[in-house]
Amino acid sequence: MAQEDSIFIGASRKPDDSYQRAEKLLLKYGNRHGLITGATGTGKTVTLQVLAEGFSNAGVPVFCADIKGDLSGIAAPGEAKDFLLKRAEAVKLEPYEFHETPTIFWDLFGEQGHPIRATISEMGPLLLSRLMNLTDAQEGVLNIAFRIADEEGLLLLDLKDLQSMLAHMATRSVELSARYGNVNKASVGAIQRSLLVLEQQGGASFFGEPALRIADLMRTSRDGRGAVNVLAADRLMTNPRLYSTLLLWLLSELFEELPEVGDPEKPRLVFFFDEAHLLFNEAPKALLERVEQVVRLIRSKGVGVYFVTQNPLDVPETVLAQLGNRIQHALRAYTPRETNAVKTAADTFRPNPDFNTFQAITSLGTGEALVSTLEEKGIPSMVQRTLIRPPSSRIGPLTPEERQRVMNASPVAGQYDQMIDRESAFEMLQKRAGQGGVQGDTQKNGGWTLPDFGNGPAPTGGRQSQPRPSNRQTVTEAAIKSVVRSVGSTLGRELVRGILGVLRKQGRSELIAESQSKRDPADR
Ligand SMILES: Nc1ncnc2c1ncn2[C@@H]1O[C@H](COP(=O)(O)OP(=O)(O)OP(=O)(O)O)[C@@H](O)[C@H]1O
Ligand SMILES: [Mg+2]
């Protein structure tokens, strides 16, 4: 239950296991980030659910990924089951009420939630390179692709825009190499192949318009509760790199879009990064440094980031050091490696003379955790053995019917469901080719054929020979192109792109205005 200034997490216990006191997370330190760790089945998801409920009740919107589908129950009221009532009594949760939280479901594939999309141009070359696991040479070529697109006013919205851009570059490789440095045909071909793979893994639905408007993640319901945005991630997890890049992109969007707020009374948004090891695994050093930077700086934008992972060793030390609120569920310590991990976890806590931290971690029960949050002046509290409170919403998944009902009633229903395909690089290059502006066929180069990204009924006769019916070019659209062009050529890319290479506000406000004008105005 959220009180004025804090979230009730559960009750700590004395050495004899009797009730000690309520453990809370102070909302004013909610943006000082956090960590939820523990072996499988120890209670991490329920703890996340409890925190998400708490933030929502306090009017703070939340974003979280639902890896196994079992977090979706947050959208339904819980039921008075014995073990829950018993737990509520043990932690002195009075009254224990059951209610749902206002939930918005998202799904990259548009099945279990509203589609979540980004444009290629917004995402930028750095994250795309990570997404496709490009080599340095290939990343260099991708950077040039973005630069040329900026300079020539070619909008890169979806994968086929990038494909045709690359094909276009292959035909001009000699000229472009002279201007920008080595545009190696082999590298171009390798990126094209990676794009094909990405397309099959869900990239085709992720890249395009209407792109997610970050404000849609920051809604509050009529009764003042924060929306809980749940990203269906079960299918997404089959491509861990897409999953982690998507979340990283969202983080950097938040970072670039939101103004500074200093130290707010409560966070503006809380972002849970589940399976956080995927973000850091095999990430190149340069990217890690930038992630570390974003996590550090996003705090002053009022965003709290909570990493959820099995083992605290999954998170690099520089990031770990910034996580103020910690909930450590049980870990096993059978092998030397496990023992080492438990030791590291134990060492991050401010010790409690009442018990041995190491031993406590290995002997915690389900739904029980070592908890340390930031107290007055931002000092970490002494670690406490804590029984986590039971959630007010359901533990476990929604039925498909229940999910559909939530989606139908969602404030973004209808806003993102249809993909828009307006004139962008693909169409423009095709036109140029038609006018003889570019040598060769932009669709077939170096033996590569563009994939069919047909959304909706496929045009008869196939794409190869026939340009898609292009959207009318509106006045705004023409204006955007000139903005993109002038931004690209006068300011230079460095000024337009942020820490993680996503488009900055000034470079995209026009783009956003345009895509928003095609949507229903948001009610609340
Ligand atoms: N705070 C709690 N109150 C009541 N029951 C709980 C609590 N935490 C966990 N449980 C019980 O433990 C079960 C497992 O918890 P949970 O699903 O959160 O584990 P997990 O750490 O997320 O596991 P996995 O790693 O497999 O995802 C829950 O289904 C629930 O029955
Ligand atoms: Mg879980």
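Start by selecting H8 and helix H10 (residues 285–298): their axes come within 10 Å and cross at roughly 45°. That makes H8 oblique to H10. (Axes are lines fitted to C-alpha atoms, for helices over the stretch in contact, with angles from 0 to 180 degrees between N-to-C directions; under 35 degrees counts as roughly parallel, over 145 as roughly antiparallel, 65 to 115 as roughly perpendicular and the rest as oblique. Helices are DSSP runs of H or I, at least four residues, numbered from the N terminus.)

Now show side chains: Leu248, Leu251, Leu254 and Phe255 of H8 touch Leu287, Val291, Val294, Leu297 and Ile298 of H10, with contact meaning heavy atoms within 4.5 Å. The tally is nine nonpolar, no polar and no charged.

A word on ground rules: this is a predicted model, where local features need pLDDT of at least 70, side-chain atom pairs need 80 or more, and totals for chains, interfaces and linings use all residues. Residues are numbered from 1 along each chain as written, chains are lettered from A and ligands numbered from 1 in written order, and side-chain values use heavy atoms, leaving out hydrogens and water.

Last stop: ligand 1. Pick out Lys68, where a side-chain N or O atom sits 2.5 Å from a ligand oxygen. For Gly41, a backbone N or O atom is 2.8 Å from an oxygen of ligand 1.

Definitions and conventions:
A polar contact is a pair of N or O atoms within 3.5 Å; within protein, one must be able to donate a hydrogen and the other to accept it, and residues adjacent in sequence count only if both atoms are side-chain atoms. Helices (H or I, at least four residues) and strands (E, at least two) are DSSP runs, numbered from the N terminus. Ala, Val, Leu, Ile, Met, Phe, Trp, Tyr, Cys and Pro count as nonpolar, Asp, Glu, Lys and Arg as charged, and the others, Gly among them, as polar.
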